[in-house]
Amino acid sequence: MKSIIIGQYVPGKGIFYKLDPRTKIIAVLLLMISIFLLESITQLLIALVVAIILLIVGRISVIKVIKGLKPIMILLIFTFVFQIMLNKEGDPLHSTQMHLTVFTVLSLIGAFVIWRVIAKFIKYRFTLFFLFVTAVYFILVHVDGGYPLVNPFLFEIYEKGVEMSVFVVIRLIVIITLSTVLTLTTKPTDLTQGLEKLLHPLKKIGFNSDDFALIISISLRYIPTIFDEANKIMLAQASRGADFSEGKLKDKLRQIISLLVPMFIIAFMRSEELANAMESRNFVPGKKRTRINELVLSYRDVLASVFSIFVLAGSIVLKVL
Amino acid sequence: MGIRFKEVSYDYPSFVENPYSAIRNISLEINAKDEFIALVGHTGSGKSTLAKHMNALIFPTAGSLDIFGRTITAKRNKKIKYNDIRKKVGLVFQFPEYQLFEETIEKDVMFGPLNFKISQEEAKLLARDSLKLVGLDESYLRRNPYNLSGGEKKRVSIAGILAMDPEILVLDEPTSGLDPAGKRVLMDLFKGINEKTNKSIIIITHDMDLVYEYFDRVIVMNEGKLVFDGNPVSLFKDVDLSEHHLDYPNSIKVLKHLNEELNLDLDIYQKSGQEAYAEIIRWMQR
């Protein structure tokens with residue numbers, strides 16, 4: 001839980017904390033668009049370096065962000081593998097014959113079981129996973145006795161495939177780093193306030209940004225509360241013998257219902273209380289409200305906007321040339 | 001032996017700061033029969049955390065506890081069926097809303113027994129009996145638990161635990177939010193259950209009047225530590241309660257005030273309003 005950094009606000013100091021949320025949202029948006037305009041790996045690598053420099057300038061620990069990337073590691077690996085396997089353009093770089101026979105299937109199952117058993121005792125999950133994948137590769141290449149289930153097939157890697165997979169993975173990393181900077185340095189309340197202001201012009205076409213922002217901030221505010229309530233309900237039902245780890249499917253279903261019903265009722269009770277509390281503090285839906293901290297733009301915001309506009313312009317120029 | 005705490009500590013994990021230690025080094029013994037214990041302490045003193053340990057809902061971070069012969073430590077032991085412990089020690093939570101979920105009261109009270117593999121017919125009988133025990137007659141069986149008053153909901157949630165026929169009953173602030181008369185009715189009920197069935201009952205409460213009047217053993221918690229375990233009479237006589245952020249019972253406060261203001265020599269240690277009144281009458285006739 002501790003290492004999940006994506007989408008989480010971590011209090012701190014640095015230039016990004018002082019920026020106006022509106023500037024940050026727009027700048028990140030512009031930077032992302034420019035990243036999508038880039039076309040070669042070299043350009044992307046430069047973008048990655050720029051992103052890392054931004055982290056250093058903002059005094060955000062690079063190691064922390066890398067650790068935060070861990071949960072999406074699986075996504076990165078999948079994109080990488082699929083790009084390599086499915087992209088068949090350019091010159092072939094590597095090609096091996098693979099077999100799928102009864103013995104292969106048996107060895108695969110054996111390798112899987114060994115992997116899962118070891119994984120229970122050892123902590124290095126990623127290393128183990130890679131070992132498992134290598135084992136699968138070797139089994140597919142070398143174990144060829146017994147009755148063949150499908151004809152031997154070729155496993156090929158093409159030049160373009162490698163290029164594209166590296167390209168896509170770097171692009172993903174850069175984009176995630178950028179959005180992490182935004183969420184890491186902006187309080188959820190500031191973020192919604194920024195969104196509210198940015199979407200304000202949409203009022204002319206009937207989209208009420210105040211209500212939208214209010215809905216978002218209330219939901220964000222109540223996530224931990226509801227989580228807490230769920231925990232209490234779980235303990236209360238566990239006291240009555242609802243064991244969520246054991247039992248048959250039919251019993252489990254009943255036990256889940258015993259959680260959901262109080263959950264809903266408490267959520268409704270909470271919302272009614274909240275509505276009363278807001279009304280008694282004179283909240284009128286749709287009326288204009290003032291804030292304690294009004295957003296003010298400073299020279300930093302101008303700098304950040306100019307920087308991101310330059311980046312966008314640069315990438316458009318690169319694209320056109 | 002029912003429950004024995006051996007130097008139990010529990011820390012709530014915290015991502016930002018140091019872990020918050022809710023209880024520290026608690027050693028305590030609770031018999032399986034005939035105990036009637038009040039657990040008091042100001043808000044945040046660790047009472048509820050202590051109670052959650054008693055039926056293994058949470059595990060100690062340090063130390064161990066014995067619950068009916070099963071040893072609970074920080075590590076989850078796969079050989080122990082924690083559900084069995086929850087059948088032996090019933091814990092009633094403060095807010096009935098956290099556990100009521102069925103469409104009829106009867107079904108809701110049957111939920112506990114059915115979880116412990118008791119047959120449908122038997123569970124029905126148990127539900128009827130335990131509802132009767134908490135003072136709700138058969139007309140309640142078919143009613144919706146959410147259409148009851150606060151006090152009635154509380155009774156249904158207590159019946160839901162009683163139906164499991166636990167050997168020790170732990171109640172987290174069962175009297176909070178009730179009017180004085182309702183409190184007394186509930187307390188009489190618990191005392192009755194305690195006397196009729198010999199089950200040990202542990203009640204968390206803030207109400208010192210009730211503690212003085214009803215209980216013969218009181219456990220006081222302050223800032224995660226157990227600071228007193230013994231008779232309420234000696235608690236009010238010998239311990240400075242203000243140190244533990246607690247208050248004296250009203251009977252003692254009133255008589256003490258009379259003594260001080262009017263220079264009387266009343267015996268201030270009277271367990272209830274009536275007794276205090278009787279003491280005043282006695283003094284006047286002297």
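Modeller: In this predicted model, buried residues make up 19% of the 321 residues in chain A.

Biologist: What makes a residue such as A51(A) count as buried?

Modeller: The cut-off is 20 or more other C-beta atoms within 10 Å of the residue's own, and A51(A) has 21 of them within that distance, so A51(A) is called buried.

Biologist: Where in chain A does A51(A) sit, and which residues is A51(A) in contact with, leaving aside its neighbours within four places in sequence?

Modeller: A51(A) has its place in helix 3 of chain A, which covers residues 41-57, and, with those neighbours left aside, A51(A) is in contact with V174(A), T177(A) and L178(A). A51(A) and I175(A) are 124 residues apart in sequence, while their C-alpha atoms are 9.1 Å apart in space. For chain A as a whole, among contacts with a separation of 6 or more, 87% are between residues 24 or more positions apart.

Biologist: Why is chain A called more spread out than a compact globule?

Modeller: The globule rule gives 20 Å for 321 residues, whereas the radius of gyration of chain A is 26 Å, well over that value, so chain A is described as more spread out than a compact globule. Along its principal axes, the C-alpha trace of chain A spans about 80 × 70 × 40 Å. Chain A is also divided into domain 1, made of residues 1-187 and 295-321, and domain 2, made of residues 209-285, and the centres of these two domains, taken over C-alpha atoms, are separated by 35 Å.

Biologist: Which residues have the most contacts inside the largest nonpolar core?

Modeller: They are L39(B), A159(B) and V170(B), in a core of 81 residues. Leaving aside neighbours within four places in sequence, L39(B) is in contact with K47(B), L50(B), I202(B), I203(B), I204(B) and I219(B). Another core, of 20 residues, lies apart from the largest one and includes I35(A), A51(A), L55(A) and V174(A).

Biologist: How many residues of each chain are in contact where chain B touches chain A?

Modeller: On the side of chain B there are 23 residues, in contact with 19 residues of chain A. The elements of chain B that give two or more residues to this side are helix 2 (82-88), strand 6 (89-92), helix 3 (105-115) and helix 5 (150-162). By class, this side of chain B has twelve nonpolar, seven polar and four charged residues.

Methods
Residues are numbered from 1 along each chain as its sequence is written. Chains are lettered from A and ligands numbered from 1 in the order in which they are written. This is a predicted model: local features need pLDDT of at least 70, side-chain atom pairs count only at pLDDT 80 or more; totals for chains, interfaces and linings use all residues. Two residues are in contact if their C-beta atoms, placed from the backbone, lie within 7 Å. Ala, Val, Leu, Ile, Met, Phe, Trp, Tyr, Cys and Pro count as nonpolar, Asp, Glu, Lys and Arg as charged, and the others, Gly among them, as polar. Domain bounds come from an automatic or database domain assignment. The radius of gyration is taken over C-alpha atoms; the globule rule is 2.2 Å times the number of residues to the power 0.38. A residue is buried if 20 or more other C-beta atoms lie within 10 Å of its own, exposed if 12 or fewer, and partly exposed in between; C-beta atoms are placed from the backbone. A nonpolar core is a set of buried Ala, Val, Leu, Ile, Met, Phe, Trp, Tyr and Cys residues joined through C-beta atoms within 7 Å.
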